[in-house]
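Here is a note for a colleague who is opening this structure for the first time. The points below can be followed one by one with the model in view.

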Amino acid sequence: MLLHDTALIYGRYLRQSLRSRFALLFGVLMPLLYLVFFGPLLTGLPLGERGSSWQLLVPGLLLQLGLFGASFAGFSVIIENGQGVVERMRVTPVSRLALLLGRVLRDATVFVFQAVLLVLAAVVMGLRAPLTGVLIGFAFVALLTVSLGSLSYALAMRVRTPGEFGPLINAVSMPSMLLSGLMLPMTLAPGWLDVLSHFMPFRYLVDAVRDAYVGSYTSTAMLYGVLVAAGLVALSVTVGTRVFRTSGA
């Protein structure tokens, strides 16, 4: 029943996304602008990392796509609450876990599709990376989306208006982006900032994807990235499921 319910919810929300093709493509616009206008500035600079500047920038942009997209996914739950959709779901026997999984899996599908478009644009601009590394990057985007999407939906179930939700997400997402080294490696930062960034779990995901893009699949950074990503997914889905159950959604 869980698989059936999850597929049902997933299909419902995926059809909604497919009907809004403009929003589907617009979501990749901001990382694409970074790619076009920021990427050329890094060409030839001594960044202290293996590989080209594109192999450093593109992994950060992929995770930026998942970070901001999934963090704001909860807005849809707030809208549904206002329209009575959540209330109608309460009277159905559908699994509460499926209500969460169907949503986050739809989000993961959408953001991986956008990540594919971003990588294709990066290849045109000069990115060269092994196919295995690119696929690993897509897997990390999916895992990050599932974890942050679960937390975003859980938070959205606890707040009442978008005015409360937006500032909370901004207060978390912006420091996360700056301390994770999405744009530039934190090894270029002052020592105290580099140390502080190690307390930010997203840094380990960025380092892992950058290693994958240069063909290093068995490095320590890759191991840490996989462990952190798996831990985030387990924790986030657990928290999200508990909130959905206690909130009666």
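1. A nonpolar core, as the term is used here, is a set of buried Ala, Val, Leu, Ile, Met, Phe, Trp, Tyr and Cys residues joined through side-chain atoms within 4.5 Å, where buried stands for under 20% relative accessible area. The model in view is a predicted one, and its largest nonpolar core holds 41 residues, of which V58, L62, L63, V119, F140 and Y213 touch the most other members. Helices α5 (53-71), α8, α9, α10 (162-180), α12 and α13 each supply at least two residues of this core, and the largest share, nine residues, comes from α5. As a general background, nonpolar side chains tend to be buried together in soluble globular proteins.

2. Setting aside its neighbours within four places in sequence, L63 is in contact with F140, V141, L144, L182, L205, V206 and V209. Apart from this core lies another, of 24 residues, which includes Y13, V77, A98 and L100.

3. The overall fold may be described next. The protein has 13 helices and zero strands, and its radius of gyration is 18 Å, close to the 18 Å that the globule rule gives for 249 residues, so the protein is as compact as a globular protein of that length. Along the principal axes, the C-alpha trace spans about 60 × 35 × 35 Å. Of the 249 residues, 48% count as buried, and among contacts between residues at least 6 apart in sequence, 80% join residues at least 24 apart.

4. Helix α12 deserves a careful look, since ten of its 13 residues are buried and the helix is therefore largely enclosed by the rest of the structure. After α12 comes G215, whose phi is positive, near 85°.

5. Which residues does R203 touch, when those up to four places away in sequence are not counted? R203, which lies in helix α12, touches L179, S180, M186, T187, D194, S197 and H198. With S197, the contact includes a polar one of 2.5 Å between the two side chains. R203 counts as buried because its relative accessibility is 8%, below the 20% cut-off.

6. R203 also takes part in a salt bridge with D207, the closest N and O atoms being 3.3 Å apart. D207 and R203 are four residues apart in helix α12, so about one helical turn separates them. In general, an α-helix has 3.6 residues a turn, so residues three or four places apart point the same way. D207 counts as partly exposed, at 24% relative accessibility, whereas R203 is buried at 8%.

7. A search of the whole structure finds five salt bridges, and two of them involve E80. The side chains of E80 and R12 meet at 3.9 Å, N to O; E80 lies in helix α6 (residues 75-83) and R12 in helix α1 (residues 2-19), so the pair ties together parts that are 68 residues apart in sequence. E80 forms a salt bridge with R103 as well, with the closest N and O atoms 2.8 Å apart, and because R103 lies in helix α8, this pair ties together parts that are 23 residues apart in sequence.

8. Are the members of these pairs buried or partly exposed? E80 counts as buried at 7% relative accessibility, and R103 is buried too, with a relative accessible area of 3%, whereas R12 counts as partly exposed at 29%. Salt bridges that share partners join R12, E80 and R103 into one network.

9. The last point concerns helix α13 (residues 220-246), which has 27 residues and reaches 39 Å from its first C-alpha to its last, close to the 39 Å expected at 1.5 Å a residue. Its buried residues are M222, G225, A229, L232, V233, S236, V237, G240, T241, V243 and F244. What covers them includes α8 (96-125), α9 (131-158) and α12 (201-213).

Notes. Residues numbered from 1 in each chain as written. Predicted model: local features only at pLDDT ≥ 70, side-chain atom pairs only at ≥ 80, totals over all residues. Heavy atoms only, no water. Expected span 1.5 Å × (residues − 1). Buried < 20%, exposed > 50% of the residue type's maximum accessible area, 1.4 Å probe, protein only. Contact = heavy atoms within 4.5 Å. Polar contact = N/O pair within 3.5 Å; in protein donor to acceptor, adjacent residues only side chain to side chain. Salt bridge = Lys/Arg side-chain N within 4 Å of Asp/Glu carboxyl O. Rg over C-alpha atoms; globule rule 2.2 N^0.38 Å.
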